[in-house]
Amino acid sequence: MSTPNSDFRMTGLLDWLKTCPASLGLDPSTLVPASSDASFRRYFRISAAAGTLVVMDAPPPQEDCAPFIDVAHRLAEAGLNVPKILAQDLSQGFLLLSDLGPTTYYDRIQAGVSDAKLQQMYREALAALVQMQTANQEGLPLYDEARLTSELGLFLEWYVTVHCKVTLPPAALERLDQVFNLLAKHNAAQPRVLVHRDFHSPNLMDCERPEHGQNPGILDFQDAVSGPISYDLASLVFDARTTWEEPQQLDWAIRYWELARKQGLPVAADFADFHRDYEWMGLQRNLRILGVFARLNHRDGKAAYLAHMPRVNQYVRQVAGRYIAFKPLIRILDELDQVQTKVGYTF
């Protein structure tokens with residue numbers, strides 16, 4: 001952890017913790033890093049009277065705690081296990097949160113988990129997803145066609161142009177635009193629900209202790225939007241950090257679809273139609289992720305994200321190779337992959 005001398009925000013954070021209710025029994029000397037993410041946010045764990053708590057440091061103006069508080073309230077109202085907000089200072093960007101435990105789904109998978117345990121975890125995640133999609137979405141930003149189209153631009157700007165160092169000719173750009181427009185239009189036409197946007201293994205907590213609440217705990221929901229119903233399922237089954245083979249993807253997708261229909265959510269009545277919906281949504285998401293990971297590396301110096309690119313690329317190919325409409329995209333990917341091989345990318 002940074003020292004107060006080298007980290008001015010740490011000085012402010014320690015000062016703020018002293019103003020929190022004495023009944024919490026906080027011990028600032030125990031503050032240790034818990035995690036960080038692709039944004040400016042970072043998290044610390046601190047000992048307290050009732051166990052451990054989590055401190056969020058979200059520096060303004062880069063980050064805003066208000067959406068986190070808003071969405072946490074919506075999800076809690078829907079009966080989901082999200083951090084409780086015990087103290088806050090929005091002007092400084094500090095939140096004190098209940099602790100959902102130290103182990104994410106990703107941690108559990110990386111450490112090795114039996115198939116029985118894995119299936120239990122993901123059935124609980126699917127049930128939570130259906131429950132989350134009943135939450136109040138009123139007033140959330142719209143994940144509409146314009147925004148979906150804009151985000152696809154990250155693939156061209158950062159993955160194609162910066163990362164692969166390729167300038168596509170006008171004809172290829174036109175074909176790519178046609179693919180983007182088809183994807184954005186189809187996905188924006190899906191029924192809207194509250195969309196987490198990163199409902200995948202790093203943001204789901206395996207809550208094994210009673211004090212951490214029901215499984216799964218849900219984190220990193222502050223970017224929630226009102227958007228396509230298949231988006232979060234696509235996040236889960238096309239996990240950018242964990243490879244799931246297609247039979248497993250299908251098993252979880254069918255289980256979700258059955259739960260969603262039972263809940264009365266507006267999914268397609270025919271699974272074949274829903275399968276296309278979540279696959280096209282996954283293709284859109286993974287094209288964006290290739291751009292985001294390239295940007296994190298080249299702009300922000302976070303090279304670790306490069307390790308996940310081959311997996312995401314394979315997810316893109318899995319879907320694009322199934323539909324005639326995406327053949328132009330496959331041709332572009334073939335060219336980009338050859339470029340990367342020639343320049344020695346190994347990830």
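Tutor: One term to start: buried means under 20% relative accessible area. Also, this is a predicted model.

Student: OK. Is D99 buried or exposed?
Tutor: Buried. The relative accessible area of D99 is 6%, which is under the 20% cut-off, so D99 counts as buried.

Student: What does D99 form a salt bridge with?
Tutor: With R45. Their closest N and O atoms are 2.7 Å apart. R45 lies in strand β2, and D99 is in the loop between β5 and α3, so the pair ties together parts that are 54 residues apart in sequence.

Student: Why can side chains pair like that?
Tutor: Side chains of opposite charge can pair when their charged atoms come close.

Student: How many salt bridges are there?
Tutor: The count comes to 24. One of them joins R147 and E151, with closest N and O atoms 3.6 Å apart.

Student: Where do R147 and E151 sit?
Tutor: In helix α5. They are four residues apart there, so about one helical turn separates them. R147 is partly exposed at 27% relative accessibility, whereas E151 is buried at 12%.

Student: New topic: pockets. Which residues lie nearest the centre of the second largest pocket?
Tutor: A50, T52, L53, D99 and E211.

Student: Which strand gives the most to the lining?
Tutor: Strand β3, with three residues.

Student: And how do the lining residues divide?
Tutor: Seven are nonpolar, seven polar and three charged.

Conventions. Residues are numbered from 1 along each chain as its sequence is written. This is a predicted model: local features need pLDDT of at least 70, side-chain atom pairs count only at pLDDT 80 or more; totals for chains, interfaces and linings use all residues. Side-chain values use heavy atoms; hydrogens and water are left out. On a 1 Å grid over the protein atoms alone, a cavity is a set of points where a 1.4 Å probe fits but cannot get out, and a pocket is an open set with protein on both sides within 12 Å along at least five of seven lines; lining residues have an atom within 4 Å of a point. Helices (H or I, at least four residues) and strands (E, at least two) are DSSP runs, numbered from the N terminus. Ala, Val, Leu, Ile, Met, Phe, Trp, Tyr, Cys and Pro count as nonpolar, Asp, Glu, Lys and Arg as charged, and the others, Gly among them, as polar. A salt bridge is a side-chain nitrogen of Lys or Arg within 4 Å of a carboxyl oxygen of Asp or Glu. Buried means under 20% relative accessible area, exposed over 50%, partly exposed in between (1.4 Å probe, protein chains only).
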